[in-house]
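Visitor: Could you walk me through this one? I'd like to see how its parts meet.
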Amino acid sequence: MISYMDICGKRDRVEDMEIYTGADVVNEQLARYGVKFGIYKNNEFKEQLFPFDMIPRVIDNKEFAYLEKGLKQRVKALNLFIADIYGEKKIIKDKIVPEEFIYAGSGYLPQCEGIVPSKGVYSHISGIDLVQSKDGTWYILEDNLRIPSGASYPMIVRGIERRSAPSLFTGKHIEDNRNYADMLRHTMDYVNCGGHTVILTPGRYNAAYFEHSYLAEKTGAHLVSGHELIVENDHLYFIDYSGRKERVGAVYRRISDEYLDPMSFNEESVIGIPHIFDIYRKGNVALINAPGNGVADDKGIYYFVPKMIKYYLGEEPILNNAPTYLPYYDEDMKYVLDNFDNLVLKDVAEAGGYGVVFGNKMSKEEKEKFIAMLKAEPRRFIAQEVIDFIDIDIMEKGQLLPRKADLRAFVLMAEEPMVWKSGLTRFSRNPDSFIVNSSQGGGFKDTWVLSQ
Amino acid sequence: MKLLFSNEVKEHRFSLKCIPHDTDMQKIENIDVSVFPDNITGKDIDSHGNITIFGYTKELHDSFGFDVEGTASTGLKDFESAKELHMVGMYKYQTKITAPGESVLDFSKKHSLESCSSNEEKALLIMQNLNNEFEYRQGCTDMDTKAEEALKGGCGVCQDFAHIMLSLCRLESIPCRYVTGMMIGEGRSHAWVEAWDDNRWIGFDPTNGKVVNDEYIKISNGRDFRDCLVNQGIFTGNVTQSQTISVIVNEEQNLIHD
């Protein structure tokens, strides 16, 4: 483990550190560029700045090489799993994954049965969340294979930092992370079925609208909303301002499966494109990421990912899951009940830091109520050992304060999986909290991967 | 099928699952489809094996409909061959429409299936029990009625019979699917159930208490009614709509086979 202080030298006074002067400038610039995310609270849309902390997370090159290897392995296996589930279902036949974890969950979409997407890629962009425990071990916390967001923040902030505090980078060997747009463009071009590449946004009231527009700008893709796309004669077209139609071959869609096509999914969707799913089935357009990926990133399925790696690749998993128990299995249920106070319990249907409860933080009544629920619906929950993950210092009002931080690594899949040599480091601003999600008020840091 | 709108609509997109497909039990020939306004743009097979046609009418129109004509040879076999058990898992789990509640659970407890040794026997018994105790009556349910609600109400139409039977079979972990189709004679479309037993799909008609035979022509199948919508569409316009479906199945000749 290496920290920013190790490579920049520790100073007695925060004011003397290189990062001290730049922070305000960078945050000001971020605000000016509109680097925000939106949240809905009490039915009202509010945009918030995503607080940025100047002290980067540092990962040395050897450690990152290990992460890279493990992440590629994991994403490969997850892709094979999705292909198998919507195809031959060998992993069910061989009883590695019990079928109720597939069919009774919400991630499996029967509409996707039998579909093989362009070039056989399902998870083009995977956001894999990791934490590092205090003993240095990395653990995978979650796989995000639907529409993982967050890459734009470290992308833009690196550029701003380099301009506003160039001395910060002098003499340090840090992997450039501004190549994400090129990686993404390559990923989209690889599966393109002929025509333009577009980024489909639900619009400016979406939480990640900044990211949609920024990625479009940086990759040179058109930023479009549903009403600008139309299906005609088995192909997808973009209608430009003059009414001209141009064929579209790849859609990096930032709207969820449910709203993608009112003819195949939620028929009340007004942001989707009617019949887009039908031409996707025919192989006339690439959808990035593939619909139906939710079957592989559900918290219940997470438990089985190490088994998938062995099953599909015949390899031992390089990266570990956090120790996880499935109350679905009697043995695990017993363990969970016996060790309730030491565990964190997660509702498999929830995301974004919601539906996560700590055994030791419940009152007696809450606990009884929860256990009754757990016994009634054991498949709905997973339990995990609480990992004491590392703190990284943040700078607040001239003070250095340790805060919990995780890392979202981005793995892009074209011919082969590629790991972006950076990532989104999120931290909890609350000293007592383990929950780092931006929707719950967390901030972010730059992530430096050392090149030597 | 004919749909009448109280006002004109435009930007009308539709998906139709109205063409029967070949199975081991039936062979479909001389199919002639006409849609009005005539705007078919594509055709495909959905994830359940159903023929789907798509279309788009941009201009204003106040009615929409289609006619399908053709010949079906039926009764070619007593069952349809099915994929292996691990491939039909999606039909084993309840959907929002078939999810059991108190009434379905009570019903299932009342009838012991202990004497049955196969899915086929279980499904047969479930069908008979349901046929005996649930009343066929139009008007006490609508298109959106769920299995539990229908059984609680005590009466319904073929769609409700099928949904309740699916719910009961799935409680027994029998993979089973909803079927939309036609029966000999004149009337409306019909619905029944297919249950999986040892790599076979066997048809059961709980409305009539009969095992499906050569009097039936299947159009589509799925997890429930929603997967088998004959006509699905979205359009722009503020209207009320009324739909009429008429089905005529005439017998041409008997195929005799021993």
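**Where the chains meet**

Guide: The side chains of B:R226 and A:E267 come together in a salt bridge, 3.2 Å from N to O, where a salt bridge is a side-chain nitrogen of Lys or Arg within 4 Å of a carboxyl oxygen of Asp or Glu. This is a predicted model, in which local features need pLDDT of at least 70 and side-chain atom pairs count only at pLDDT 80 or more, while totals for chains, interfaces and linings use all residues. Residues are numbered from 1 along each chain as its sequence is written, chains are lettered from A and ligands numbered from 1 in the order in which they are written, and side-chain values use heavy atoms, with hydrogens and water left out.

Visitor: How many salt bridges are there across the interface of chain B and chain A?

Guide: The rule finds four across that interface.

Visitor: And how many residues are in contact?

Guide: On chain B there are 25, and they touch 26 residues of chain A, contact meaning heavy atoms within 4.5 Å.

Visitor: What area do the two chains bury?

Guide: Between them chain B and chain A bury about 2200 Å², with 56% of it on carbon and sulfur atoms; buried area is the accessible area (1.4 Å probe) that two parts lose on being put together, summed over both. In chain B, the residues losing the most area to chain A are B:R13, B:H86 and B:Y93, together 29% of what that side buries.
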